[in-house]
Amino acid sequence: MQFLKVTSPHTSKQGQAGNVMLSVIYATIPGIIALTYFFGVGVLINLILASLFGLGFEALILYMRQRDITFYLKDYSALVTAFLLGLALPAYTPWWLIAVGMFFSIVIAKQLYGGLGFNPFNPAMIGYVVLLISFPLEMSSWITPAPLNGGELPSLSAALGKVFLGHELIMEGALLDGYTSATPLELMRQNDGQLVNQLYSDNPLFSQALFAGVGWEWVNIAFLAGGIYLMYKRVFTWHAPISMLAALGILAAVFYDGGSSSSLGSPLFHWLTGATMFGAFFIITDPVSSAVSNRGRIVFGALIGVLIFVIRSFSNYPDGVAFAVLLLNFAAPFIDYYTKPRTYGHKSKSKSKG
Amino acid sequence: MRQIWETPGGIHPEQNKHQSTGEQIGTIAMPPEIILPMGQHIGAPATPIVEVGQTVLKGECVAKPEGFFSAAIHASTSGTISAIEERTITHPSGMRALCVIIKPDGKDTWAPLNPCDDYTQLSKDEILERIRNAGIVGMGGAGFPTAIKANPKSNRKITTLILNGTECEPYITADDMLMRERADEILLGAQLFCHLLTDVNEILIGIEDNKPEAIAAMQAAANALNDERIHVVSFPTKYPSGGEKQLIQILTGKEIPSGGLPAQLGIVVQNIGTAVACHRAIVHGEPLISRVTTVVGQTLEKQRNINVLMGTPIGFVLQEHGFVSDYKQRIIVGGPMMGFAADNQNVPIIKTTNCILAPSTKELPLPAPAQPCIRCGMCEQACPASLLPQQLYWFSRSEDVEKLEEHNLFDCIECGACSYVCPSNIPLVQYYRASKGTIKLQREEKAKSDHARLRFEQRQERIVKAEAEKEAKREARKQAALEAKKLMAEKAAQPANGETENTTNAVDKTASKVVDPVTQKAKLTRALTSAQSRLERANAQLQTNIDEDNGSRKDALQSKIKQAELKVNDAQNKLDAFNKEHDISSSEPGTPQAKNSSAPSNDKGKDATSPALKKMAMSDAEKQAAAVASIEKRLGVATQKYKEAQEANTPTADALKLGVEKLEQKLSDAKAVLAQQANDVSANTTQPVSKNEADAALGAIERAQAKAKAKAAMTDDEKKQDQIASLKKRIDKAKTRLNKAKDENDDNIAAFENAYNKLQDKLTQIS
């Protein structure tokens with residue numbers, strides 16, 4: 001009798017690449033809930049539109065590349081990219097903006113490089129940066145978090161009108177002029193002359209918050225929870241996120257300056273504002289475009305932390321996560337080169353040849 | 001509790017050990033056929049020493065080890081050798097190789113054994129020889145000949161013996177059951193190893209903590225033996241803790257240097273099954289003819305461990321356990337992590353077969369189609385060697401050999417942990433195996449081409465050197481000729497005797513062999529300095545290697561240094577000898593022959609000088625006599641050889657015959673010269689010497705000249721005659737050859753004819 005001939009190992013852990021991706025999607029749920037609570041249904045519209053465009057573009061390219069569409073769609077990588085971009089965009093973003101973003105994410109940044117696993121840059125961040133540079137106004141229009149708005153959020157019809165028809169968002173009982181307001185990061189950056197304490201007490205965005213800005217602090221805590229879940233599930237190791245947060249915290253502490261008027265904000269402020277936790281646990285942990293070894297990831301994360309602090313504190317962009325991640329994606333092979341782990345039986349790490 | 005160390009990486013696959021530990025080690029019926037492959041171990045396959053049709057007894061040697069790195073094979077039951085032929089063997093490649101097939105007679109009669117109650121009475125070499133003759137190899141999987149492992153190089157002091165009872169692969173329980181049932185034999189085997197290794201001060205028995213019964217049994221046996229060196233060490237279950245490197249790291253915290261051996265750390269690791277086999281081989285005299293194998297899998301009715309004869313076909317074992325083939329059936333030899341799929345059911349159980357796994361498709365599903373690598377890094381976390389599997393995967397795909405080696409591909413132990421955890425189901429280990437194969441092939445080819453290039457370069461060098469030497473000789477000969485002329489003139493001015501002619505001849509002869517002593521000395525000095533610099537280089541190399549702690553090369557370098565030292569001494573001696581020689585000869589003025597002759601003899605060292613000097617001191621007549629004697633001797637030998645060749649009818653007979661003829665010719669020549677010389681001498685002595693000195697000198701010159709002329713004329717004639725005679729002979733031979741070729745209608749008729757015609761032409765030319 002002839003038996004089937006396959007090579008070892010003959011057993012493998014049950015699970016597929018798709019499962020890893022699904023875990024990431026599940027882990028965004030707390031963040032989605034927090035965002036929706038503070039910014040309304042627009043967040044969900046973002047996610048749905050991004051997912052539809054993402055899957056659509058992915059399927060189109062797979063068809064053009066003559067690949068098995070369902071097999072590759074089942075790795076859910078396009079869905080993850082869509083979720084990450086959808087969560088990064090301000091709520092109530094026009095539909096065409098999302099379409100452009102997803103086009104750059106899926107088609108340009110991923111499929112044109114060869115598909116999953118071959119992209120040197122984080123696809124979601126490519127999409128985000130393209131939009132941020134091309135459409136700065138739309139990209140910095142965050143609506144005022146609900147608690148500062150009397151708990152009022154745009155209705156579904158108003159939201160759909162804004163997203164698809166470009167209607168102005170009109171909210172009854174809005175306390176602030178217009179529907180958008182500055183984010184905590186912008187307030188901190190634009191602060192001149194006020195002590196941090198004064199700024200916190202003067203501004204309702206801070207005065208009504210527990211740590212670092214109404215809404216934003218809870219969004220960050222929610223993403224932190226999701227991230228801890230992923231670490232527990234061993235989807236990624238602690239190295240990159242923790243070193244990023246540590247580097248960010250250390251720089252913030254150095255430049256806190258005792259809360260003077262030239263202070264750039266406390267470590268807690270930096271940890272719980274903007275896209276910090278989202279970036280730390282969902283963006284820089286993208287395995288494809290990050291450094292490969294544990295030591296490499298520590299360096300990778302720390303440098304991102306430094307860049308985030310520099311960009312968000314000294315530039316005119318709303319936050320620095322996207323730029324920092326892309327710059328370090330560039331540097332990942334370089335980091336890999338110098339952070340090879342010591343192999344068993346070797347005295348020191350093998351010397352690289354030039 | 002002994003300290004244990006943590007190893008990086010590792011995985012925790014489903015154990016699946018309970019299925020086969022339910023009952024004691026069993027046995028099965030006698031198979032209808034025993035298939036004994038000649039290669040069941042690492043190293044050269046054994047050579048069969050039996051013939052088809054021969055009857056053998058159980059335990060009788062059927063194949064002897066081929067060289068040092070090999071192992072003997074024994075009949076595992078009594079019966080008849082039914083065939084010695086190529087069969088598919090138990091090997092991942094499914095290749096065919098030579099096997100001895102035995103048809104059992106069913107009696108299972110033992111051959112007489114050679115037991116030994118007290119092995120301490122035997123010499124170590126004797127014990128090692130018995131282990132080797134018992135065909136014992138590492139039974140954990142690799143099949144390394146045990147006699148070699150138990151006898152490490154003398155410069156290595158082995159202080160730690162590790163017995164590997166880890167058995168980290170899922171499903172396999174052969175070692176587990178062996179430890180439960182034969183703990184005492186294992187420990188006795190360990191003590192035997194200690195006896196062989198002399199300096200062992202601790203025996204560590206490493207067992208994973210998922211085998212509590214085995215640990216208890218070993219502990220009890222250790223307590224009973226009351227040997228303080230024995231420590232039973234258990235550690236957390238993790239795959240692949242049972243790898244030799246990993247086990248050493250867990251138990252001692254040390255790492256074997258890359259490419260090195262445990263012996264470098266003073267450690268020897270043996271599988272517990274090997275310990276039992278050695279014990280039985282020495283104390284009971286039993287060769288390795290059976291082993292404990294786990295038979296497990298959901299397609300079997302009965303799952304257990306059996307003590308099975310080597311060479312039992314796997315199909316028979318399965319059949320005895322109620323095997324029902326599943327859809328897409330796989331039969332795995334070894335465990336699910338590192339075992340390989342057998343080609344068919346006719347492959348036999350061999351010395352390294354620790355498990356036969358016949359899983360159902362549900363039990364071990366076939367690998368899912370591979371998805372793209374997402375660089376999740378799970379493989380990196382699982383790798384026990386701290387490699388970067390995903391990087392190796394990318395480099396393997398792009399066949400980037402340089403990068404692969406830079407990322408230490410060859411430190412991969414192919415444990416399969418990376419493939420196991422890969423969420424994209426990429427068969428990573430396959431990629432590494434393929435890349436390793438490619439790189440090995442490339443290295444071999446490179447070594448070959450390097451060798452060829454070296455040979456070419458050396459040949460070129462030799463040609464240039466030979467050319468230069470020839471030139472130097474020519475120059476020297478010219479010089480010597482000039483000197484000789486001068487000498488002759490001087491001698492002519494003095495009263496001389498008739499030997500002048502001969503003396504100048506001798507001068508000419510020696511001068512032709514002479515190399516200028518100055519260049520000779522320079523050559524020797526050069527040899528010395530180059531040997532010294534080689535020594536220095538080797539020392540420096542050793543130093544750097546010590547710095548990098550590259551133990552594996554250290555030994556090689558040390559031996560190199562010793563060699564270099566010897567060479568330096570040698571060169572120094574030669575130079576000294578030369579200097580001495582040179583002084584002696586230059587202290588004897590007026591004997592240029594001696595001076596010159598001492599130089600070439602320096603090449604062969606001082607000893608060679610004295611015969612040369614003796615030769616010089618001999619008179620011409622004596623010399624000639626000696627030459628005749630030596631030619632006679634050579635002729636005797638040549639004739640002898642020719643006769644032998646003729647009897648044996650070897651193709652070289654013709655050539656030998658030619659040699660004999662030539663020697664005969666030479667002998668007659670030499671005899672003629674000798675006779676001539678004898679005449680000369682007598683003529684010289686009869687010459688009156690009472691004339692005045694000037695007359696004598698003139699007369700001598702005249703005589704010498706006349707004689708030289710006569711001699712030249714005579715030898716010319718002689719030579720011509722000789723030539724004609726030999727040509728005639730050759731023509732005869734060529735003719736017979738031509739005729740023969742014509743008879744046999746040879747392809748070379750034209751060539752023979754041509755040769756014949758040429759010879760004819762030559763003859764007419766000369767005569």
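Predicted model: local features only at pLDDT ≥ 70, side-chain atom pairs only at ≥ 80, totals over all residues.
The secondary structure of chain B comprises 22 helices and 16 strands. Chain B has 767 residues, and 46% of them count as buried. Its accessible surface is about 39,100 Å². Carbon and sulfur atoms supply 52% of that surface.

Next, the aromatic rings. A pair of rings is described by two values, the distance of the centres and the angle of the planes. Over all chains, the structure holds 25 aromatic pairs. One of them joins A:Phe103 and A:Phe104. Their centres lie 5.8 Å apart, with 85 degrees between the planes. The pair is edge-to-face because that angle is over 60 degrees. A:Phe103 has a relative accessible area of 33%, so this residue counts as partly exposed. A:Phe104 is also partly exposed, at 27%.

A:Tyr337 and A:Tyr338 form another edge-to-face pair. Here the distance is 5.0 Å centre to centre, and the planes are 75 degrees apart. A:Tyr337 has 23% relative accessibility, which lies between the 20% and 50% cut-offs and therefore makes it partly exposed. A:Tyr338 is partly exposed too, at 46%.

Ring pairs link A:Phe103 and A:Phe104 with A:Phe53 and A:Phe57 in a cluster.

Back in chain B, a ring meets a charge. B:Arg443 places its charged end over the ring of B:Phe410. The distance to the ring centre is 4.5 Å.

Note on methods:
Residues numbered from 1 in each chain as written. Chains lettered and ligands numbered in written order. Heavy atoms only, no water. Helix = DSSP H or I, 4+ residues; strand = E, 2+ residues; numbered from the N terminus. Buried < 20%, exposed > 50% of the residue type's maximum accessible area, 1.4 Å probe, protein only. Areas by Shrake-Rupley, 256 points an atom, 1.4 Å probe, with all protein chains shown as cover. Phe/Tyr/Trp six-rings, centres within 6.5 Å; stacked < 30°, edge-to-face > 60°. Lys NZ or Arg CZ within 6 Å of the ring centre and 35° of its normal.
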